[in-house]
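Please go through this briefing with the sequence and the 3D structure side by side. What can be said about confidence, overall form and the packing of selected helices?

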Amino acid sequence: MKHKKLMSLLTLVVMALLLPQAAFASGEELGQQLPLWSLIPFVGMLLSIAIFPLVKEHWWEKNQLWVALFWSAVFLVPFFIAYGANETIYQLIHTIILDYVPFLLLLFALYAVAGGIVLKGSLVGTPNVNTIILLIGTVLASVIGTTGAAMVLIRPLIRANEWRHRKMHTIIFFIFLVCNIGGALTPVGDPPLFMGFLRGVPFFWPTIHVLPLYIFNSVVLLVVYHFVEMSRYKKDLAEGCKQPESTGEKLHVVGLHNLIYIALILFAVVISGTLAQSDAFLNADGSVKGITLYTYHGHESVATYPNIIKDVLLLVAAFLSLKTTKKEIREFNNFNWGAIEEVAKLFLGIFITMIPALAILGARGADLGLHTEWQFFWSTGILSGFLDNTPTYLVFLTTAGALGATEGIATTIGMVEAPILIAVSAGAVFMGALSYIGNAPNFMVRSIAESHDIKMPSFFGYMKWSFGILIPLFILDTLIFML
């Protein structure tokens with residue numbers, strides 16, 4: 001134990017020595033001063049998620065929060081030494097209170113409400129049935145969000161396939177389609193598009209312009225899935241898996257009143273964006289009114305009133321769902337808080353250790369020399385697969401707005417050419433499927449599947465699937481739509 005404490009202390013000291021001193025003394029942006037060494041805690045967090053479940057599974061399940069806090073400390077302690085208390089407090093307030101908490105509240109509300117919706121009836125996991133469920137989820141994701149669609153459909157899909165031996169591949173394609181690509185058509189579908197909406201991109205602009213890419217990717221993945229599923233279905237039957245006979249019970253939804261609460265969640269998200277653009281909620285300088293949490297060197301951390309209203313409505317929706325849904329409905333759904341707890345613990349560490357990565361990207365993104373559609377598509381996408389895709393989208397949208405386009409979409413951060421905006425939008429949404437942490441629903445679906453005794457691939461094991469299937473698909477996207 002003493003050796004471990006000593007190594008931890010030495011790690012923090014070394015990191016402190018590697019960081020520059022007096023961050024704002026020169027007036028430079030934080031991201032310009034932070035060295036690449038400051039990314040070590042983030043890489044350590046990712047490697048912990050990838051490796052510990054393989055080598056110390058039971059220990060990992062009990063100590064996820066401590067691992068997240070350790071890597072957060074590896075970043076925060078030297079950062080505190082190098083930049084001081086004020087900068088550290090400012091970054092923590094901005095990251096935890098203004099980014100992490102709203103992120104978690106939205107997931108919590110959707111998770112709680114969707115857990116009270118049950119699809120009952122004769123549903124047997126055959127290739128045709130599973131493909132149809134994936135198709136429905138892909139369409140639904142742009143209507144109620146990727147998290148909403150995933151939480152509504154993942155449990156019925158798992159129940160339909162309980163009799164099967166081979167079902168991991170179905171969950172993986174579910175993550176590809178329902179948790180990511182399906183959300184590409186509206187600002188409600190995925191948070192990056194909502195950020196674009198707040199900056200002047202018309203609400204239905206993605207619906208029209210991203211639609212060809214959305215259809216192409218969805219159709220290709222559904223066809224590939226169907227062929228993979230047919231092969232594995234036949235192997236299951238050959239090994240003695242007995243397909244249940246249809247009971248004849250018609251499909252019906254129990255807990256249907258929870259759709260009202262999902263509508264309330266969507267209303268909360270959309271109204272927060274609308275209010276943020278209303279004169280009644282704007283200061284004279286154009287900033288959104290709110291409660292100032294912290295001020296440092298002219299930088300303010302502000303909890304805006306529209307976001308406060310949104311978060312209150314999210315909590316109201318979750319509370320009403322938990323109070324008005326019968327206990328037996330959630331029991332039938334095998335509902336528990338395990339998935340959201342795991343996301344809360346691990347993403348706390350991810351959000352904190354991600355601070356230098358996003359700062360560096362934000363400060364130096366314009367220096368990457370991006371000019372063409374395919375460059376924006378791959379740059380936005382690859383980084384979105386391992387960072388929070390919302391700030392990544394904003395970095396590259398800002399970069400695109402600075403290119404000096406004379407025609408295209410007029411946003412609050414400049415004119416952006418339509419092909420570039422399509423590339424940034426598709427990259428941020430589609431490539432969230434590249435890793436378990438690329439989009440929060442990915443992690444939640446994996447956790448729910450494992451709670452139903454479905455053996456899911458490891459962090460790197462999943463990436464073998466995602467890179468093996470999605471990278472060739474995205475190369476096709478580039479050749480067909482962007483060159």
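**Helix packing and confidence in a predicted model**

Helix H6 passes helix H19 in a right-handed crossing, where right-handed means that the near helix is turned clockwise from the far one by less than a right angle, and left-handed that it is turned anticlockwise. This is a predicted model, in which local features need pLDDT of at least 70 and side-chain atom pairs count only at pLDDT 80 or more, while totals for chains, interfaces and linings use all residues. Residues are numbered from 1 along each chain as its sequence is written, and side-chain values use heavy atoms, with hydrogens and water left out.

**Confidence**

- The protein chain has a mean pLDDT of 88, and 94% of its residues reach 70 or more; pLDDT is the predictor's confidence in each residue, on a scale from 0 to 100.
- Among the elements of the chain, helix H1 (residues 2–18) has the lowest mean pLDDT, 49, whereas helix H6 (residues 168–177) has the highest, 97.
- Over residues 13–28 pLDDT stays under 50, and for this stretch the model has 36 contacts beyond four places in sequence, a contact being heavy atoms within 4.5 Å.
- Where pLDDT is low, the predicted coordinates should not be read in detail.

**Overall form**

- The protein chain holds 19 helices and 6 strands, which are DSSP runs numbered from the N terminus (helices H or I, at least four residues; strands E, at least two).
- For 483 residues a compact globule would have a radius of gyration near 23 Å, and the 23 Å of the protein chain agrees with this; the radius is taken over C-alpha atoms, and the globule rule is 2.2 Å times the number of residues to the power 0.38.
- The C-alpha trace spans about 75 × 60 × 50 Å along its principal axes.

**H6 with H19**

- H6 and H19 (residues 459–481) pack at an angle of about 60 degrees with their axes 11 Å apart; the axes are lines fitted to C-alpha atoms, for helices over the stretch in contact, and angles run from 0 to 180 degrees between N-to-C directions.
- That angle makes H6 oblique to H19, given that angles under 35 degrees count as roughly parallel, over 145 as roughly antiparallel, 65 to 115 as roughly perpendicular and the rest as oblique.
- Residues of H6, including Ile172 and Phe176, meet residues of H19, among them Trp465 and Ile469.
- The residues of this H6 contact with H19 divide into 9 nonpolar, 2 polar and no charged; Ala, Val, Leu, Ile, Met, Phe, Trp, Tyr, Cys and Pro count as nonpolar, Asp, Glu, Lys and Arg as charged, and the others, Gly among them, as polar.

**H15 with H16 and H17**

- Helix H15 (residues 373–384) packs with helix H16 (residues 389–401) at about 160 degrees, their axes 9 Å apart, which makes H15 roughly antiparallel to H16.
- H15 and helix H17 (residues 418–430) pack at about 20 degrees with axes 7 Å apart, and are therefore roughly parallel to each other.
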